[in-house]
Amino acid sequence: MIKTVLTLSCLIISLAGPTQAASQSPLPKGYSGWKKSVRKVVTDKKSLFYGIHYIYADPKAMQGYRAGNRFPEGSRIIVEHFTIKADNPAVDGSKNMVVLMQKDKRQQATGGWLYAGYTAQGRSSGLDTVQNCFSCHQKEVASRDYVFSGIQDFK
Ligand code: HEC
């Protein structure tokens, strides 16, 4: 199980282009006070999200979810990801990744969203976000303003 997580992290790191500048956007402070999603457990080991995660949405992002995934400028959505203990998925493992999407109309190459990845400690993981983030969100959910989750995740 730990091996799977490590393999994934290595995959993500190796996909990042060597010349790509690390995203410098700091992780927004106080996001733990935002609206928190239901607990989401992914037991498919092939999934990038294998483990347990929670989505946090700020008030603007909540407006966007309520409007059927039409997000106003400035909306911020964060996912905190935890490892999963194979013998007991009821308990969160250790935090191993945090990701952010922030609606920013200057980010034309990534659909008007800024994407950023962080370590568990909140340091930038320096990924090429076009290749490692936007490609998947674009392919799967362009028609939902590039956001997979929906208002049903916040019930
Ligand atoms: C292989 C596909 C894939 C890649 C690559 C990917 N994501 Fe996602 N992302 C998803 C899925 C699926 C969800 C929905 C999880 C859920 O519904 O609980 C998601 C959810 C999110 C969310 C919460 C908003 C939403 O869309 O539901 C954010 C923020 C996010 N991802 C950021 C990132 C960032 C930053 C990266 C790059 C470091 C990234 N993602 C890479 C598939 C991907």
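1. In helix 3, the buried residues include Thr-129, Asn-132, Cys-133, Phe-134 and His-137; a residue is buried if 20 or more other C-beta atoms, placed from the backbone, lie within 10 Å of its own, exposed if 12 or fewer, and partly exposed in between. The helix bends by about 30° at Ser-135, the bend being the angle between axes fitted to the seven residues ending at a residue and the seven starting there.

2. The structure is a predicted model, in which local features need pLDDT of at least 70 and side-chain atom pairs count only at pLDDT 80 or more, while totals for chains, interfaces and linings use all residues. Residues are numbered from 1 along each chain as its sequence is written.

3. The average pLDDT of the protein chain is 87, and 85% of the residues score at least 70; pLDDT is the predictor's confidence in each residue, from 0 to 100. Residues 1–23 have a pLDDT below 50, and this stretch makes 23 contacts in the model beyond near neighbours in sequence. A contact requires that the C-beta atoms of two residues, placed from the backbone, lie within 7 Å. Where pLDDT is low, the predicted coordinates should not be read in detail.

4. The protein chain contains three helices and six strands, in the order α-β-β-β-α-β-β-β-α from the N terminus. These elements are DSSP runs numbered from the N terminus: helices are H or I with at least four residues, strands E with at least two. Of the 155 residues in the protein chain, 26% are buried. Among contacts with a separation of 6 or more, 49% link residues 24 or more positions apart.

5. Strands 3 and 4 run antiparallel and are joined by six bridges, with Ile-55 opposite Val-79 in strand 4. Strand 4 is also joined to strand 5, again antiparallel, by eight bridges; here Ile-77 stands opposite Met-101 in strand 5. Pairing requires that DSSP finds at least two bridges between two strands.

6. The ligand is surrounded by 22 residues, the closest being Gly-117, Cys-133, Cys-136, Phe-148 and Ser-149; a residue is near a molecule if its C-beta atom, placed from the backbone, lies within 6 Å of it. Helix 3 (129–141) supplies at least two shell residues, as do strand 3 (51–57), strand 4 (76–84), strand 5 (92–103) and strand 6 (113–118). The largest share, five residues, comes from helix 3.

7. By class, the shell around the ligand has 15 nonpolar, six polar and one charged residues. Nonpolar covers Ala, Val, Leu, Ile, Met, Phe, Trp, Tyr, Cys and Pro; charged covers Asp, Glu, Lys and Arg; the others, Gly among them, count as polar.
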